[in-house]
Amino acid sequence: EDCTTARLSSVGTTAELLQMVSLPDGTMRILVQGKDRIKRTGDVILKDGTTMVATAPLEIAQSEKPSEVAALLDQVVALHSEYMEASGLHSHEAEVILDEPPNIARQISQVLSHLEAPLAKQINILCEADQVVQLNIVLDILISAVASQRANQRVQQRIQATMEESQKEYQLKEQIKALENELSTITGDGG
């Protein structure tokens, strides 16, 4: 697709590459940190083989409901921590940056970077100017992701229990066969 005519969002995030690790399976694990939210202010152009676009900082007004924002952020942080732990990621990867005063946009970007949220939802969050709405969307995504993890965990536990039960039954049947063979040998020899 031609980059100058591609459908690009009007809002995005600048990021800093913190770490890049090649995994044995040939994939890469990349850790980036969102820096600033930006808005596109011009057309995409191609100059000397480089794709460029003019941007400006995106200003998000502080919410008029700071207590609601704080409560939602606490819920997001708690669910994000549970999600990350259940995903098997290291604790240092799971920590949400808790700035004082809170940088909600940065925290939302960090949480979203760990989730497999649909791109359309991520774009909706970035384009939203109301922090309460942003946090509610992220919370919905997290609730769904954690519920899915919990359901998968219950299924895996049931499978494990069934496998263990089948193994116990197999072992008992084999022990019974061995005892029957032993008894038939004893009664056959003694008769």
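Modeller: One cut-off is needed first: a residue is called buried under 20% relative accessible area, exposed over 50%, and partly exposed in between. Please also keep in mind that this is a predicted model.

Biologist: Is Glu-16 buried, exposed or partly exposed?
Modeller: Glu-16 has 34% relative accessibility, so it counts as partly exposed.

Biologist: Which residue forms a salt bridge with Glu-16?
Modeller: The partner is Lys-35, and the closest N and O atoms of the two are 2.9 Å apart. The pair links distant parts of the chain, with Glu-16 in strand β1 (residues 11–22) and Lys-35 in strand β2 (residues 28–40), 19 residues apart. Lys-35 is partly exposed, at a relative accessible area of 35%.

Biologist: How many salt bridges are there by this rule?
Modeller: The count is three. Another one joins Glu-82 to Arg-150, with 2.7 Å between the closest N and O atoms. Glu-82 belongs to helix α1 (residues 66–87) and Arg-150 to helix α5 (residues 131–190), so this pair ties together parts that are 68 residues apart in sequence.

Biologist: What is the accessibility of Glu-82, and what is that of Arg-150?
Modeller: Glu-82 is partly exposed at 33% relative accessibility. Arg-150 is also partly exposed, with a relative accessible area of 40%.

Biologist: Which residue pairs with Lys-177?
Modeller: Lys-177 forms a salt bridge with Glu-174, and their closest N and O atoms lie 3.6 Å apart. The two are three residues apart in helix α5, so about one helical turn separates them. Lys-177 is partly exposed at 48% relative accessibility, and Glu-174 is partly exposed at 32%.

Biologist: Turning to the sheet, what is the order of its strands?
Modeller: It is an open sheet of three strands in the order β1-β2-β5, with antiparallel pairing. Strands β1 and β5 stand at the edges with a single partner strand each, so one side of each has no neighbour in the sheet. From one strand to the next, the twist averages 50°.

Biologist: Which helix packs on the sheet?
Modeller: Helix α4 (residues 119–127) does, touching β1 and β2, and its direction makes about 125° with that of β1.

Biologist: How many bridges join β1 to β2?
Modeller: Ten bridges join these antiparallel strands. As one example, Val-11 has Lys-39 in β2 as its bridge partner. The hairpin of β1 and β2 has five residues between the strands, and Gly-26 in it takes a positive phi near 95°.

Biologist: And how many bridges pair β2 with β5?
Modeller: β2 and strand β5 (residues 55–57) pair in the antiparallel sense over three bridges. Here Ile-38 stands opposite Pro-57 in β5.

Biologist: Which residues is Leu-142 in contact with, leaving aside its neighbours within four places in sequence?
Modeller: With those neighbours left aside, Leu-142 is in contact with Val-76, Leu-79, His-80, Tyr-83, Val-111 and Leu-115.

Notes. Residues are numbered from 1 along each chain as its sequence is written. This is a predicted model: local features need pLDDT of at least 70, side-chain atom pairs count only at pLDDT 80 or more; totals for chains, interfaces and linings use all residues. Side-chain values use heavy atoms; hydrogens and water are left out. A salt bridge is a side-chain nitrogen of Lys or Arg within 4 Å of a carboxyl oxygen of Asp or Glu. Helices (H or I, at least four residues) and strands (E, at least two) are DSSP runs, numbered from the N terminus. Buried means under 20% relative accessible area, exposed over 50%, partly exposed in between (1.4 Å probe, protein chains only). Two strands pair if DSSP finds at least two bridges between them. Contact means heavy atoms within 4.5 Å. Axes are lines fitted to C-alpha atoms, for helices over the stretch in contact, and angles run from 0 to 180 degrees between N-to-C directions.
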